[in-house]
Amino acid sequence: MTGESFTAVDVIRTKRDGSRLSDEQIRWVVDAYTRGVVADEQMAALAMAILLRGMDAAETACWTGAMIDSGERLSLRSSRPLVDKHSTGGVGDKITLPLAPLVAACGAAVPQLSGRGLGHTGGTLDKLEAIPGWRAELSTDEISRQLEDVGAVVCATTPTLAPADRKLYALRDVTATVDSVPLIASSIMSKKIAEGVNRLVLDVKTGSGAFMKTREQARELAKTLVEIGAAHGVDTRAVLTAMDTPLGSAVGNAVEVAEAVEVLRGGGPADVVELTVALAREMLALAGLSDADPARVLASGEAYETWCRMIHAQGGDPEAALPEPAHVHVVEAAEEGTMTRLDAYGVGVVAWRLGAGRTRKDDPVQSAAGVRCLVKPGERVEPGRPLFELHTDTPEAVAAVLPTLRAAYDIGGEDTGNGAAPAATEANGGRIVLERVGSDVVG
Ligand code: URA
């Protein structure tokens, strides 16, 4: 007798054969995996069975609950309405940096428990750590105090939040089982619900630089996320946003902080401003602060003051110079024409290989590494015009990334209809926010 309610083999077989898992099976298998009773190879087989067979809404909600119950729940407190946002990750996605202080400057409290980057998408903490003195690790008390004093906190998640997800995500990463909608959705929502917020806006990216390559997949993920939120009493809305081309001009760490600061000072690229304001509107509506005008607050520089207080509260110096790269390589246009495509995934890979990202979980990152895209789709160029700046402390990395960069953009004639997906930039009239999915608009 093992004293266990089920066996892993029976649970795997149930899903492998296409049947529903019962609530009891789900709670047991997630708990037993966290305790080490279910082995990695058994959970890998179950994750593959789920990827191939799927889980329905009730199974996914129960799986999420089991992952939340594997750890502690924070109870963050603030006298202001708490509201959170999560992005499924993209290239040049520095939106958290201007968004958290903006929404705080409009009267809400924003706890952003964030992660580090892995692969081609950057991590918010890696970006902020480019700021001299800034500290990512805060205690729960420090988070609550800063939420009350400043209204915005961006800090590291704690290891006690949804530990089952931490273990399972690492396993999925090495067993080709990441891209399953129920597994992605339960992974994201277990961490957010464990944080204790009851209002959440999700930025679900779609396009080459996103997990979800097509709009249909992104819509399915968004609906699943919203359903899990509803099942757990979290008021959740999702927006589908374009991630075919990098957001803004900067991709990397210090370069993205610099661009976020431009936005907070009332300038910056139009697409970053558009998405920041759109997400702020969604968050403020959920927080019952629809009268606030985030576009005005951003343009006026009021959000920049909140940013300075937020950075200062975590030991950083918001006025300090950001790290400069040891080497800058400029890539120029070889021909005349219009940039018709700038692929987010390709640019993300280039920034990562220049040193902005990591390959293994504990690798260090270079704060100064990254790419500045000096031309965006829809703009005309002439031979010799600088297209990209490559920033790195390891110049030997440049030659290796140039073929990847060259494959990531096209310069064509006047006609931009070469089959490339239209990039969402102001220059060609594209849009970043594609559609909304929420408890009020799911259809
Ligand atoms: N982000 C997460 O937190 N989990 C996933 O499974 C995918 C993206």
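This report covers helix packing, strand pairing, cysteines and selected residues in a predicted model.

**Helix α9 and its two partners**

Helix α9 spans residues 181–194 and packs against helix α4, residues 57–69. The two axes come within 8 Å. They cross at roughly 45°. That angle makes α4 oblique to α9. The crossing of α4 over α9 is right-handed.

The contact draws on five named residues from α4: T60, W63, T64, M67 and I68. On the α9 side it uses P182, L183, S186, S187, M189, S190, I193 and A194.

Helix α8, residues 163–173, also packs against α9. Here the axes come within 10 Å and cross at roughly 150°. An angle over 145 degrees counts as roughly antiparallel, and α8 and α9 are therefore roughly antiparallel to each other. Their crossing is left-handed. From α8, the contact is made by D165, Y169 and R172. From α9, it is made by L183, I184, S187, S190 and K191.

Two packed helices are described by the angle between their axes and the distance between the axes. The table sets out both values for each pair.

| Helix pair | Axes come within | Crossing angle |
|---|---|---|
| α4 and α9 | 8 Å | roughly 45° |
| α8 and α9 | 10 Å | roughly 150° |

**M67, a residue of α4**

M67 lies in helix α4. Is M67 buried or exposed? M67 is buried, with a relative accessible area of 2%. Its contacts, leaving aside residues up to four places away in sequence, are V30, A162, A164, D165, L168, S186, S187 and S190. D165 takes part in the α8 contact with α9. M67 and D165 are 98 residues apart in sequence, yet their C-alpha atoms are 6.2 Å apart in space.

**D149, a contrasting case**

D149 sits in helix α7, residues 140–149. D149 and T245 are 96 residues apart in sequence. In space they are 37 Å apart, C-alpha to C-alpha. Beyond residues up to four places away in sequence, D149 touches R80 and R309.

**Two alanines with positive phi**

A162 has phi near 45°, a positive value in a residue other than glycine. A162 is in the loop between β3 (152–156) and α8. The residue is buried, at a relative accessible area of 1%. A162 is also one of the contacts of M67.

A176 has a positive phi too, of about 55°, although it is not a glycine. Its place is in the loop between α8 and α9. A176 counts as exposed, at 57% relative accessibility.

**Strand pairing**

Strands of a sheet pair through backbone hydrogen bonds, either parallel or antiparallel. Both kinds of pairing occur here.

The parallel example is β4 with β5. Strand β4, residues 199–206, is joined to β5 by eight bridges. In this pairing, V204 has L240 of β5 as its bridge partner. How many of the eight residues of β5 are buried? Seven are, and the strand, residues 235–242, is mostly covered.

The antiparallel example is an open sheet of three strands, in the order β10-β8-β12. β10 (380–381) and β12 (409–412) stand at the edges. Each has a single partner strand, so one side of each is left without a neighbour in the sheet. Four bridges join β8, residues 337–342, to β12. T338 has G412 in β12 as its bridge partner.

**Cysteines**

How many disulfides does the model contain? The count comes to zero. A disulfide requires a pair of cysteine sulfur atoms within 2.5 Å. For C155, the closest cysteine sulfur is in C308, 19 Å away, which is too far for a bond. C155 is buried, with a relative accessible area of 0%. C373 also counts as buried, at 3% relative accessibility.

Conventions. Residues are numbered from 1 along each chain as its sequence is written. This is a predicted model: local features need pLDDT of at least 70, side-chain atom pairs count only at pLDDT 80 or more; totals for chains, interfaces and linings use all residues. Side-chain values use heavy atoms; hydrogens and water are left out. Buried means under 20% relative accessible area, exposed over 50%, partly exposed in between (1.4 Å probe, protein chains only). Two strands pair if DSSP finds at least two bridges between them. Axes are lines fitted to C-alpha atoms, for helices over the stretch in contact, and angles run from 0 to 180 degrees between N-to-C directions. Angles under 35 degrees count as roughly parallel, over 145 as roughly antiparallel, 65 to 115 as roughly perpendicular and the rest as oblique. A crossing is left-handed if the near helix is turned anticlockwise from the far one by less than a right angle, and right-handed if clockwise. Contact means heavy atoms within 4.5 Å.
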